[in-house]
Amino acid sequence: MSDPIHHVIIGSGSAGFGAATTLRQTDADCRITMITMDGLPFYHRYDLPQVFRGQHDWRELLDEPPSYYDEMGIQLRRRSRVVDVDGSKQLVTLAHQENVAYDNLLVCAGGRGYLPENLTEYAGLMHGLGSFEAAMRLYRDLPKGGTAIIIGGDMIGIDLALTLLDTGYNVTLIANAQTFWPHEVSDDERAQLFKALTAKGVTVFQDHRPVGVSRDDKNKSACCVMLEDGTEVAGDAVLSFCGLTSSVEFMLKAEVDIERGLLVTPELQTSNKTIWAAGDVCQIWHDQEKAYKFYHGWKHVRIMGELAARNMSGAHEIFYTDVEDRIGVDANGQINSTFWTH
Amino acid sequence: MNKAGTDIQIAICGSAGDGTIASGDIMKRAAALMGYNVIAFDVYPPEIRGFGKCISRIRISSQQAYSLKEQSDILISLNDSHTIPHVGEVRDFGAVIYDDHLVSTVAEGGHISAHINAAQVPYGFSIRQISEQATNSARSRNIVILGYVAGLYDLPNEHFRKIIEAKFAKKPQAVIDDNIKAFDAGVLVGQAVFKLDDVVVGKAGDEATGSKAVMMTGNGAVVRGFMEAEIQSYFGYPITPATSIMERLAVELPPAGGNFLQTEDEISAIAAAIGAGYTGSRAATATSGPGLALMAEMLGLGVMAEVPVVVVVSQRGGPSTGLPTKTEQSDLNLAVFGGSGDAQRIVLAPTNVEGCYRCAGMAFDIAEKYQTPVILLIDLYLSNRYETVVPSVEASFAPKPREPLKLEDHQPYKRFKFTESHISPRALPGEAGFMHTITGLEHNESGRPNDAIHMDMTIKRHEKLNTAVNYPGLNVHKRFGDEGPVDVGILGWGSTFGEILETMYEAQAEGIRCAAMKVVMLSPLPVEALKEFFADCREILVPELNYEGQFAGLVSAALGKPVTRLNRATGSPVVVKEILEEVRRLSVQSRAPLSAAE
């Protein structure tokens, strides 16, 4: 009796989780290993602002209970960082020096928050919202009624800003080109959205380039963002929400084509026939535009994960999306985004 | 646990040489110093040298706990290949702490993170690296992990530092400094980690009590009891798991004016102890099952010659060399019945560490009063188990002054005189006017060989023990749980009783009318108390760590009533879950209506 086929998935977000579930549904006997740096089983990152509404038990955030992984025969490797993929030997190397062999590899590593180059040296002074732990640290460090300074303001950042306002905090937004990312908005739409944010109580700085961040060593909640014109914006926590940059460093020796993300066919296969990719980490070939394109947003990501899983199991489906990409302000002054619909 | 409060169990697993047991030792002593109740048990390999598996399990409670828990809340790996089989022992939402920076590449599954299920919380950090950064050596990994736990769970650091300083007090200052540095480095890492498990370490019971509490093993408690009873002579031959009694007495007894001798074997040890006992010296030996087998003949001499002597027997898996480092309760029959002839002796089986202390302290008095060998029957699980004990101030085991014997007018001294209590006046050799003979042959009242009187003397040697079950100050039996009639009564002895008590509390919490009774005196049995207990219980369950159900057999034979046996011979302590399942089953059975035929 031959060994069951081993599918290894790097990443446990929407794409990875959707792929694992689909793989099990299409093949009852295969081995599925999901490798993630996160400490928790899958939860939707867009639910993280809920910690400010009292959601402090991570078990309540999970999409499925931990027992689901046992029931589905999915081995979940948490706190495990992939440092290398050898495409020819079909080996994944983890940071703690364990080699995991695969028959098929699906890369769903997503991306990490993009930080403008001139601010990278201040990264240690900023908070993030990339994980439950990060969200809880922000909740712990931001004093009740305090002010969060948001640089950029992609749609995750805007969602957090609105939650903070709703729950008794203040928000200062230092807008830049990534504000409202991944939506592409016109100048008129942008103006209308800023107006709506201001009406809700957000202090908006437009066209001001941040050049530095400082934090009082004694009072860690006292932060300041320096703008290019010398203005100092004071607050209690600084966060950067400037979109994502794909996490592909560990794929450099995998013998696959990489541009900004992993380049994949419309079937989500890389240039290595045993490696597939889905989600924010990949750029999909668009035949009409003759270009590789990113498709962001959790709906796209989930579709990609499930599609890649079916194709890894022998199907030949092509990525197609009719997911809307729309942002606007309704008659009540509420900002609506298809990015938030879940 | 029967009450709410802090109740966590930490397991530290590594290879011999990793400092696993030392790490567990510091953890348990620090927790005791904080005022927690602590029960701990170390498992180590049978090999004297090599890289066998070591596990230290420590239960820390703000309330009284009676046994180790089946599942740990926190598992710490100092060696993945040894720890991986134990990952399943961690409860859901408990923590697994490990080194995420191996020194060499391993194949899939070689790292512990591959075995942690989705409900357990992984905490990986570079244990080796932190140790090397702090002390230029990887040898302090076992101390780094203590710091990490203290940092992650916000435990008071000063207690750990105090214990570390005490533990390495005889080492050069640099060793102490390095260990403190390693601990502090671990604390910093632990404090920076966001805690995702739901393990809660609440306040300790009472720090003031903690400062008075003594952390002792069962063997350590035996030694303490012996020393407080002013033991004068110890003769022994090393055998696991009794050896530490001998090792401690070798250090403590001579400076206290006592005699200590390591003999060439167990036969010599018991012979010497009986000889010393004959002279009036408080004498003891300690061994395990195979040693007791060798001592059986000499014990017969002790019974026949009516010589007080104390023999500690720490049971391990048998027969023969058996399982030297695993526990078992399979020497009960040997302790109670072993040897030739009708040789009834007193057998005491304490159920916890404090019981070891009290029984050891009183054993000499009992042996002297009844002029017979007393066997203190414990097992590896109790010998090596650590518990916090607050020494009782009222306990005094020192020998009372002997009242001088008086010769009756014109009567020669009769060492084995028939009396109402069946206990004869005992003179020590050399006392003027009390010259007498002792022998292993059957003898008359004067001690001279005489086989015609065998029946009477046999009755005397048995009947004199009748009042032992009422010996003052010694709980030879004790009932717990519901008063009056109950559905299920759990009867237990020795180290198993902690799990029995935990089971009883859990069963009560489920609404089952349940009681438990511990029997400390196995010979002679407290038959009247057992009869009362049996009368109250619809069903009787006897869990014990042997295949034959030796205690169940003893009790059934004495009372002529059947019991339900739960026999386990796995080398490990019995688990609460298994006993509870049986209690549930018996509870249902006890309420079932009798059939027409019955």
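Biologist: Which residue of strand 14 of chain A does Met226(A) stand opposite?

Modeller: In this predicted model, Met226(A) faces Glu232(A) in strand 14 of chain A.

Biologist: How many bridges join strand 13 and strand 14 of chain A, and in which sense do they pair?

Modeller: Four bridges, in the antiparallel sense. Strand 13 of chain A covers residues 223-227.

Biologist: What sheet do they belong to?

Modeller: An open sheet of three strands in chain A, in the order 12-13-14. The pairing is antiparallel.

Biologist: Which strands stand at the edges?

Modeller: Strand 12 (210-215) and strand 14 (232-235) of chain A. Each has a single partner strand, so one side of each has no neighbour in the sheet. On average, neighbouring strands here are turned by 20° against each other, direction ignored.

Biologist: And what holds strands together in general?

Modeller: Strands of a sheet pair through backbone hydrogen bonds, either parallel or antiparallel.

Biologist: Switching to chain B. Do strand 8 and strand 9 run parallel or antiparallel?

Modeller: Parallel, with four bridges between them. Strand 8 of chain B spans residues 233-236, and strand 9 of chain B spans residues 259-262. One bridge pair is Gly236(B) with Gln262(B).

Biologist: Through which helix does the chain cross from strand 8 to strand 9 of chain B?

Modeller: Through helix 9 of chain B, residues 243-252. This β-α-β crossover is right-handed.

Biologist: Now helix 10 and helix 11 of chain B. At what angle do their axes cross?

Modeller: At roughly 30°, and the axes come within 8 Å. Helix 10 covers residues 266-278 of chain B, and helix 11 covers residues 289-304 of chain B.

Biologist: Last topic. How many residues does each chain give to the contact of chain A with chain B?

Modeller: Chain A gives 23 residues and chain B gives 20 residues.

Biologist: Which elements of chain A give two or more?

Modeller: Helix 3 (67-72), strand 3 (74-77), strand 6 (99-101) and helix 4 (132-141) of chain A.

Conventions
Residues are numbered from 1 along each chain as its sequence is written. Chains are lettered from A and ligands numbered from 1 in the order in which they are written. This is a predicted model: local features need pLDDT of at least 70, side-chain atom pairs count only at pLDDT 80 or more; totals for chains, interfaces and linings use all residues. Two strands pair if DSSP finds at least two bridges between them. A crossover is right-handed if, with the strands pointing away from the viewer, the path from the first strand over the helix to the second runs clockwise. Axes are lines fitted to C-alpha atoms, for helices over the stretch in contact, and angles run from 0 to 180 degrees between N-to-C directions. Two residues are in contact if their C-beta atoms, placed from the backbone, lie within 7 Å.
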